[in-house]
Amino acid sequence: MLACQYRHRVTLQQKVKSQNANTGAVTYVWQTAVLGDGTVLDAVPARVLTGAGRELIAADAVQAQVDARINVRWFPVADTELANWRCLWDGRIFDINGVTTDETARREWRLTAKHGVNDG
């Protein structure tokens, strides 16, 4: 793991439930994730590797989708929680599909993500 490989900056967001006090309506909004120690996960150094794009038909329309692998330094959060987050990079929204760690499980998170059809 070389520091020079983390040349991109990403923002990790989590879905937060909010309820309107007057109507009681429940809505979900995306907010920048904050760790238990107060660390805000904005402009996180990352290595973003995008793959070849593809087209598919969804909702009777041609849609484009791009797969990516995003590596970020490890931080203390459950991988099941991280799998429900999304990542913002270069003006694009990437939905996180899978989460793995390196061999030691304490150096980096390896996220598989997609951009396109289901933007959070």
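Two strands count as paired if DSSP finds at least two bridges between them. By that rule β1 and β5 pair, in the antiparallel sense and over three bridges. The model is predicted. The protein has one helix and seven strands, and from the N terminus its elements follow the order β-β-β-β-α-β-β-β. The mean pLDDT is 86.

**Confidence**

- Of the residues in the protein, 88% reach a pLDDT of 70 or more.
- Where pLDDT is low, the predicted coordinates should not be read in detail.

**Overall make-up**

- The protein has 120 residues, and buried residues make up 31% of them.
- Taking contacts between residues at least 6 apart in sequence, 53% join residues at least 24 apart.

**Strand β1 and its partners**

- Strand β1 pairs with β2, which covers residues 26-32, in the antiparallel sense over seven bridges.
- Within this pairing, Lys 17 has Tyr 28 of β2 as its bridge partner.
- The hairpin of β1 and β2 has six residues between the strands, and Gly 24 in this hairpin takes a positive phi near 80°.
- Strand β1 also pairs with β5, again in the antiparallel sense, and the bridge partner of Leu 12 in β5 is Cys 87.
- Ser 18 lies in strand β1.
- With a relative accessible area of 29%, Ser 18 is partly exposed, because that value falls between the cut-offs of 20% and 50%.
- Apart from neighbours within four places in sequence, Ser 18 is in contact with Ala 25, Val 26 and Thr 27.
- Ser 18 and Tyr 28 are ten residues apart along the chain, and their C-alpha atoms are separated by 6.0 Å.

- Strands β5 and β6 pair in the antiparallel sense over four bridges.
- Cys 87, the bridge partner of Leu 12, stands opposite Phe 94 in β6.
- The hairpin formed by β5 and β6 has two residues between the strands, and Asp 90 in its turn has a positive phi of about 55°.
- Strands β6 and β7 run antiparallel and are joined by six bridges.
- Asp 95 has Lys 114 in β7 as its bridge partner.
- Six residues lie between the strands in the hairpin of β6 and β7, where Ala 105 takes a positive phi near 65°.

**Nonpolar core**

- The largest nonpolar core has 23 residues, and those with the most contacts inside it are Ile 70, Phe 75 and Trp 85.
- Two or more residues of this core come from each of β1 (8-19), β3 (44-58), β4 (61-73), β5 (86-89), β6 (92-101) and β7 (108-115).
- Not counting residues up to four places away in sequence, Trp 85 touches Leu 12, Gln 13, Gln 14, Trp 30, Ala 33, Leu 41, Phe 75, Val 77 and Ile 96.
- Leu 12, one of the residues touched by Trp 85, is also the residue bridged to Cys 87 in β5.

**Glu 108 in strand β7**

- Glu 108 is placed in strand β7.
- The relative accessibility of Glu 108 is 9%, which is under the 20% cut-off, so Glu 108 counts as buried.
- The side chain of Glu 108 makes a polar contact of 2.4 Å with the side chain of Tyr 6.

**Val 40 in the β2-β3 loop**

- Val 40 is found in the loop between β2 and β3.
- Val 40 counts as partly exposed because its relative accessibility, 47%, lies between 20% and 50%.
- Leaving out neighbours within four places in sequence, Val 40 is in contact with Thr 32, Ala 33 and Val 34.
- The C-alpha atoms of Val 40 and Thr 11 are 9.1 Å apart in space, and the two residues are 29 apart in sequence.

Conventions
Residues numbered from 1 in each chain as written. Heavy atoms only, no water. Core = buried A, V, L, I, M, F, W, Y, C linked by side-chain atoms within 4.5 Å. Buried < 20%, exposed > 50% of the residue type's maximum accessible area, 1.4 Å probe, protein only. Contact = heavy atoms within 4.5 Å. Polar contact = N/O pair within 3.5 Å; in protein donor to acceptor, adjacent residues only side chain to side chain. pLDDT = per-residue confidence, 0-100.
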